Each structure stands twice: as C-alpha cells, then as structure tokens.
Amino acid sequence: MDYSTLKSVLEGLLFVSGDEGITAKTAADVVETDVEVVKDVLKDLQKELNKKNRGIRLAEVAGGYRLTTVIEHAPYFEKLAYSPARSSLSQAALETLSIIAYRQPITRVEIEEIRGVKADRALHNLVNKDLIEEKGRADALGRPILYGTTKSFLDYFGLASIASLPEPTVSEGDDELEERTKMLFDRIEGRQLSMEDMDRELDSD
C-alpha cells in the first residue's frame, strides 16, 4: 500500500470509528502495517488538516486517535442541533405533532388512543426539536404529563398563535391519519387554509 492510499484508508478508519476513536495498534493491525508507520502517517494527517484550516481535525485522546470538529465552530453546531428544521420529521412525529397542536394540552395515553400506536419515541424527538413541551400534569391517576406546542412551533410554521392554526382539507373518503397529517403540514407551511376548514377536520375525527 502506497503512502497516499494508507493515509486515505486511515482517515476512513477514523471516520467510521466515530467518537470512540481508534488506537494506532488497532489501525496498524487493520492495514497490516507497522505501528510506528501508522503513527507517522496520522501525525502527517493531523498537520495537514490544521494547515489547510479544515473543518475536521485529528485529536489524540486517551491513547487513541479520533476526528473532531473545530472548537471555534461550536456556536454553529449548537444552532444546527437546536433548530427544529435540522432534519425532516418522521410520519409518526408529524401525526403526533398534529394531534398535540389541535388537542393540547394532551397526555401521551390520549395521543396513543388516537394514533393507535405507541408515541414515546415521537414525543422524545419533538421535545428535542423544541416543537413541544410539558404543560403541567393531568388531574388523573399517576398525574401524567400534559404536552403542548412551543413558541418555536409557532415560529417554525409562521403562526401568530395557536388560534390562527389552520386545518387541512381532506379528500372525501380519506380517513387515514397519516394522509391528513401530511396534508396538514404541507398546507400550514403554505398558509393556504381558512379557519372554517379546522372545524370540518376536527368533526371528521
């Protein structure tokens, strides 16, 4: 294996090793090369990433090597991590969010009764995206958490308040929750619906 290929392979190994990183010995065993040679190549790669001001750096941590980001870029990573739009919502999350938006405050059990499936993961994802939050506890056995939408939800969908939330127009014969939900959020983003549609959709549930 020539030097350029070895460096490329080691960079790939670092990438797939993730946060755990990889030791020089493990890398050497994988590429079937002397440990000292691997260390030299990794040091060269480290210098190259620094010199070219790349967004990825190579750090030596606890006897191993791993790829890291540049500390000065942290504010941008935080902005991405807490942005509701950083990744598309799954169908389950969309369904759960639509139920919460129109029925809030609502408990997990009530959401699951409407959807017919567990909602734990969807709720967790929506909380992490700052689209929903806890609104208190229900006056029921076990005092279950009540969920409602956040200010970020309003900002994300361009709504002045929950009172201005529109409702989707559903095609005749379409009784699938996921279809109604998909249409709901497509239309919310376009802000194309009237409040009269809301009453019709709620009645259809």
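Which residues of helix α7 (residues 120-128) are buried?

## Helix α7 and its buried face

In this predicted model, the buried residues of helix α7, which spans residues 120-128, are Ala122, Leu123 and Leu126. Viewed down the axis of α7, these buried residues fall within an arc of 100 degrees, so they line one face of the helix. An α-helix has 3.6 residues a turn, so residues three or four places apart point the same way.

After α7 comes Asp130, which has a positive phi, near 60 degrees.

## The three-stranded sheet

Strands β4, β6 and β5 form, in that order, an open sheet with antiparallel pairing. Its edge strands are β4 (106-107) and β5, each of which pairs on one side only. Helix α5 packs on this sheet and touches β4, β5 and β6, while the direction of α5 makes about 90 degrees with that of β6.

Between β5 and β6, which run antiparallel, there are four bridges, and Arg137 stands opposite Ile145 in β6.

## An annotated region

According to UniProt, in an unreviewed entry, the feature "coiled-coil region" is placed at residues 28-62. In the model, the end C-alpha atoms of residues 28-62 lie 17 Å apart, and this span is 60% helix and 17% strand.

How values were computed: Residues numbered from 1 in each chain as written. Predicted model: local features only at pLDDT ≥ 70, side-chain atom pairs only at ≥ 80, totals over all residues. Heavy atoms only, no water. Buried < 20%, exposed > 50% of the residue type's maximum accessible area, 1.4 Å probe, protein only. Helix = DSSP H or I, 4+ residues; strand = E, 2+ residues; numbered from the N terminus. Arc of directions from axis to C-beta. UniProt positions renumbered as here; feature names shortened; annotations may be inferred. Pairing = 2+ DSSP bridges. Contact = heavy atoms within 4.5 Å. Axes fitted to C-alpha atoms, helices over the stretch in contact; angles between N-to-C directions.
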